[in-house]
Amino acid sequence: MSFNPLKEKGIPIEKQVRNWHQIVGKPYNKTEVDCYTRTRQILMNGIEVEAWGFKHQLNRFVSDNNDKTLIAQISRIEDSQQATSNWMGPADQSVLETTLGYEQVAVDLTAWMAQNEPDEYVKETFDFGLLEDFDHLYRYSQFAYMTEGIKPCEIVQGQTDVIVGRPTQHHHNCNGLRLRKPYDKKTAHPQTKVNILTLLSGEQQTHNYYAEHGFMYGDHVLRETYAEIKDVEEEHVTMYESLIDPSESMWEKFLIHEFTEVCNYYTCMEDESDERIKKTWELFLDIELGHLKAAADLFKKYEKRDAEEVIGTEIVIPCRFMSQKDYVQKVLENEVDKRLAKEGKYTTIDKLPEDWPSYKVQEKQNEISSPSENAIRLVSIYHNRDIVEADKQLKEKETAILAKGLQKKGVADNTVMPDELEKMIKKSEKEKPKQEELI
Ligand SMILES: [Fe+2]
Ligand SMILES: [Fe+2]
Ligand SMILES: [Fe+2]
Ligand SMILES: [Fe+2]
């Protein structure tokens with residue numbers, strides 16, 4: 001059965017105000033929650049932050065007082081929705097635990113989208129970003145173990161592999177290279193528009209979360225790692241937003257924002273296993289249908305065009321959260337050596353020119369050391385080797401994946417090289433019986 005959001009009424013804007021008790025609901029239990037309930041909660045917070053921020057930008061360009069008031073009413077509702085979804089997270093979920101949740105969102109969301117993206121070039125960009133967030137999950141997992149004694153499976157619940165990806169030290173690029181080629185707004189499928197805005201919102205909020213929380217740990221190497229990965233998320237925002245046609249008007253963008261919210265809540269509502277949280281997603285879908293109607297009316301008023309021309313007549317599904325291990329492993333083995341080239345192109349390590357612009361950036365940023373490499377050095381003192389969660393056949397390929405993903409140039413002095421990682425793994429195997437005696 002098809003669902004055309006433009007034919008639905010939803011809740012009128014004036015009836016969308018909720019009381020404090022409704023806005024601040026009961027948090028989930030961090031040890032009982034399904035990992036994909038947590039990923040939905042984290043993603044929807046990011047979508048609401050973007051929805052709220054965009055409306056304030058939009059309103060700075062609007063002079064009609066009635067329209068300005070309406071947009072202000074909507075941004076206030078977005079803000080209240082943001083509080084509800086973000087504050088579903090419990091007070092006893094640590095920053096590192098939440099961080100593992102953020103990177104699980106990025107990996108499983110990007111992988112799902114890459115397989116459901118109609119535009120081949122956009123798909124390639126998703127695959128590229130995927131391997132970077134995949135490595136972030138691995139780096140943060142080392143600190144979660146060292147700092148708080150957490151194993152990644154306690155958060156990702158065995159649904160997402162934790163192993164080396166494209167090494168984080170190589171994610172720092174010249175800004176010009178991060179820019180990708182935009183879609184054409186006249187021919188792009190609504191799925192492409194929704195996919196990009198969804199992922200962009202998630203990446204932006206990941207950046208914001210690290211920026212606001214990385215300082216909360218005393219460990220200096222961990223603080224530096226948050227700064228390092230935050231900088232990569234900043235690049236991810238640049239990369240994904242550059243895929244959007246820059247000639248879209250603010251009213252067109254307003255429409256796509258509300259449509260993206262509708263599509264995401266629709267999917268959350270369909271997929272949610274927690275009955276209590278599902279009710280919130282249902283309510284928020286109805287609220288967003290009200291926003292979409294307002295956005296479509298304003299689009300018509302200012303651009304004399306129908307909303308269908310931009311968003312079509314059917315809901316699209318941005319992401320069904322589920323395990324993506326097989327897909328991610330395939331991309332990992334084939335594309336870990338991929339790098340950014342000029343004019344929105346891609347290349348591989350062996351074809352990089354001597355004057356590749358990102359070398360300079362990496363050499364400067366990592367000139368003393370790369371914090372995400374120190375993560376592996378430190379954990380080998382605690383644990384003999386790195387913290388890895390994957391099945392045996394993938395684990396056996398770890399050193400080879402690292403060897404393929406490391407550049408020859410622009411490599412930090414403190415890098416754990418493949419032969420050193422191999423020694424760690426062997427040492428860990430040798431000492432396993434002794435460790436087991438202790439348990
Ligand atoms: Fe919203
Ligand atoms: Fe990330
Ligand atoms: Fe990211
Ligand atoms: Fe909205």
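Thr 84 is buried, with 20 other C-beta atoms within 10 Å; a residue counts as buried if 20 or more other C-beta atoms, placed from the backbone, lie within 10 Å of its own, as exposed if 12 or fewer do, and as partly exposed in between. The model is a predicted one, in which local features need pLDDT of at least 70, side-chain atom pairs count only at pLDDT 80 or more, and totals for chains, interfaces and linings use all residues. Residues are numbered from 1 along each chain as its sequence is written, while chains are lettered from A and ligands numbered from 1 in the order in which they are written.

Thr 84 is found in helix H3, residues 65–86. Helices (DSSP runs of H or I, at least four residues) and strands (runs of E, at least two) are numbered from the N terminus. When residues up to four places away in sequence are not counted, Thr 84 touches Ile 23, Gly 25 and Thr 280; two residues are in contact if their C-beta atoms, placed from the backbone, lie within 7 Å. Met 44 is 40 residues from Thr 84 in sequence, and the two C-alpha atoms are 9.8 Å apart in space.

The chain as a whole contains 18 helices and two strands. Its radius of gyration is 22 Å, close to the 22 Å that the globule rule gives for 439 residues, so the chain is as compact as a globular protein of that length. The radius is taken over C-alpha atoms, and the rule is 2.2 Å times the number of residues to the power 0.38. Along the principal axes, the C-alpha atoms fill a box of roughly 70 × 50 × 40 Å. Of the 439 residues, 46% are buried. Among contacts with a separation of 6 or more, 84% join residues 24 or more positions apart.

Helix H8 (residues 190–213) is mostly covered, with 20 of its 24 residues buried. At 1.5 Å a residue, H8 should span 34 Å, and its end C-alpha atoms are 34 Å apart, which agrees. The expected span is 1.5 Å times one less than the number of residues.

The domain assignment gives domain 1 (5–327) and domain 2 (330–438); such bounds come from an automatic or database assignment. The centres of the two domains, taken over C-alpha atoms, are separated by 28 Å. Their contact takes 39 residues from domain 1 and 42 residues from domain 2. On the side of domain 1 that touches domain 2, helices H5 (120–148), H7 (175–178), H9 (220–241) and H13 (325–335) each supply at least two residues. The largest share of that side, twelve residues, comes from H5.
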